[in-house]
Amino acid sequence: MATNTFVDVMAVDELPLNRTKIVDANGKRLMLANDNGEIHAFSPYCTHDGGDLDGKTVEDHEVTCHRHGAKFDVRTGEATKMPAVFGLTSYETKVEDGRIYVAV
Ligand code: FES
């Protein structure tokens, strides 16, 4: 069974509070979300029709896709508002020495 490796993706300081940002983790495009200082990582595209979730505001633990208004809980990736039905794929994260690492 393959094990995931933690990859250094950016400095914590580069991810503004309550915002999302796209990063490259070993060639995989991911969305980081800073939820009141808690860092989470997900697939970067809305599961409704592929809307890009880069640069969005995190509000009440949710990120909104601006194309048609779907919402996702950034603690779990779960879709919380239609038209999205399926959640975002989530990735394990950790913060060490001011850097964000994602397991890919
Ligand atoms: S593509 Fe995101 S709500 Fe439709």
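**A tour from the sheet to the cysteines**

Select Ala41 and look across to β9: the bridge partner of Ala41 there is Tyr91. Keep in mind that this is a predicted model.

Now select residues 38-42, which form strand β4. Strand β4 and β9 run antiparallel and are joined by two bridges.

In which order do the strands lie? The order is β2-β3-β4-β9, in an open sheet of four strands with antiparallel pairing. Colour residues 20-25 and 90-91 next: these are β2 and β9, the edge strands, and each pairs on one side only. To follow the pairing in the viewer, display the backbone, because strands of a sheet pair through backbone hydrogen bonds, either parallel or antiparallel.

Next, select Lys94 together with Phe6 and Tyr101. Over which rings does the charged end of Lys94 sit? One is the ring of Phe6, with the charged end of Lys94 4.4 Å from its centre. Another is the ring of Tyr101, where the distance from the charged end of Lys94 to the ring centre is 5.7 Å.

How many disulfides does the structure hold? The number of disulfides is zero.

Methods: Residues are numbered from 1 along each chain as its sequence is written. This is a predicted model: local features need pLDDT of at least 70, side-chain atom pairs count only at pLDDT 80 or more; totals for chains, interfaces and linings use all residues. Side-chain values use heavy atoms; hydrogens and water are left out. A disulfide is a pair of cysteine sulfur atoms within 2.5 Å. Two strands pair if DSSP finds at least two bridges between them. A charge sits over a ring if NZ of Lys or CZ of Arg is within 6 Å of the ring centre and within 35 degrees of the ring normal.
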